[in-house]
Amino acid sequence: MKKNLIDSQDSASDINLAKPVFVLSLAVCLLILMTKTLSAGVADSTHWRHLFNGKDLTGWKQAGPGSHFVEDGFIKSKGGMGLLYWTGEKFGNCVIRVVFRMRDENSNSGVFIRIPSIPTEDNMMPVNTGYEVQIDNKPELSGEDDYHYTGMLYSLTKPLAKTGPQWNTMEITLDGPKTIVFLNGVKVTEFKEGDPVPAKKFDFEPNRGPRPESGYIGIQNHSDKDVVFFKEVSVRPLKKVTK
């Protein structure tokens, strides 16, 4: 009889110990289920869509003087000043990733964003209607200042940080009216439509004024002496938090 009493007590203890484990397991299962349910309606922000296939310029078109071509898996330019733009769609509320390298520190190029309509043969059309995210680590050699440095919205913003001439990863976030640029993981520019900007110093600088929240994108060929290599152009949508 005493043994049976002990066995009963042991069984009760086992049940009491099992309850917290069961409750914890149930909570974990419910949390996983809820996470999957919430994420089902959210765009996958980890997926990069490669616009450059590493082989040819399928999906791209040249506007304005000069040309672009693919060699050794990189996009290279010839002559200028023109623009190679993505023909398929406009981009907004996304992150654009460009991996590039300048041959020289003052090699001049740029990534164009927020161009409201298809770029024309007028090479100033993208300049005056969109934004250029500049590529040039030595603007002073051309008589220009920090407003014309790599990662800046050309002639509109000043650098929060500077980088070197190695392979660079530029990530441009278009978040509604905001444009944020990271270069090699460091934020170098943040701009919102309506923020104050300096007056034009040169005739070739862009016209001031608002840009659309979405637009065409492209990469610039500046001249034969400005050599910049591009090995990746990718885009992913912004991940919006579900509340």
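**Exercise 1. What share of the 243 residues in the protein chain do buried residues make up?**

Solution. Keep in mind that this is a predicted model.
- Start with burial: 40% of the 243 residues in the protein chain are buried.
- Next, the surface: the chain has an accessible surface of about 13,000 Å², and carbon and sulfur atoms own 58% of that.
- Then the secondary structure: the chain holds 2 helices and 13 strands.
- Last, contact range: take the contacts between residues at least 6 apart in sequence, and 68% of them join residues at least 24 apart.

**Exercise 2. Work out where Thr157 lies, whether to call Thr157 buried or exposed, and what Thr157 touches.**

Solution. 
- Check the cover: the relative accessible area of Thr157 is 8%. The cut-off for buried is under 20%, so Thr157 counts as buried at 8%.
- Now skip the neighbours within four places in sequence: Thr157 is then in contact with Asp146, Tyr147, Met152, Thr189 and Phe191.

**Exercise 3. Classify the ring pair of Tyr85 and Tyr216, and say which strands the pair links.**

Solution. 
- To describe a pair of aromatic rings, you want the distance of the centres and the angle of the planes.
- The count of aromatic pairs comes to 7. For Tyr85 and Tyr216, the numbers are 6.3 Å centre to centre and 85° between the planes.
- Planes over 60 degrees apart count as edge-to-face, so the 85° of Tyr85 and Tyr216 makes this pair edge-to-face.
- Trace the pair back to the chain: Tyr85 belongs to strand S5 (residues 82-86) and Tyr216 to strand S12 (residues 216-221). They're 131 residues apart, so to speak a link between distant parts of the chain.
- Finish with burial: Tyr85 is buried at a relative accessible area of 5%, and Tyr216 is buried too, at 12%.

**Exercise 4. Find which rings cluster with Trp167, and which charged ends sit over the rings of Trp167 and Trp48.**

Solution. 
- Follow the ring pairs: they link Trp167 into a cluster with Phe74 and Phe229.
- Stay with Trp167 and look for a charge: the charged end of Lys231 sits over the Trp167 ring, 4.4 Å from its centre.
- Move to Trp48: here the charged end of Arg97 sits over the ring, 4.0 Å from its centre.

Methods
Residues are numbered from 1 along each chain as its sequence is written. This is a predicted model: local features need pLDDT of at least 70, side-chain atom pairs count only at pLDDT 80 or more; totals for chains, interfaces and linings use all residues. Side-chain values use heavy atoms; hydrogens and water are left out. Buried means under 20% relative accessible area, exposed over 50%, partly exposed in between (1.4 Å probe, protein chains only). Contact means heavy atoms within 4.5 Å. Helices (H or I, at least four residues) and strands (E, at least two) are DSSP runs, numbered from the N terminus. Accessible areas come from the Shrake-Rupley method with a 1.4 Å probe; for residues, only the protein chains shown count as cover. Rings of Phe, Tyr and Trp (its six-membered ring) pair if their centres lie within 6.5 Å; planes under 30 degrees apart count as stacked, over 60 as edge-to-face and the rest as tilted. A charge sits over a ring if NZ of Lys or CZ of Arg is within 6 Å of the ring centre and within 35 degrees of the ring normal.
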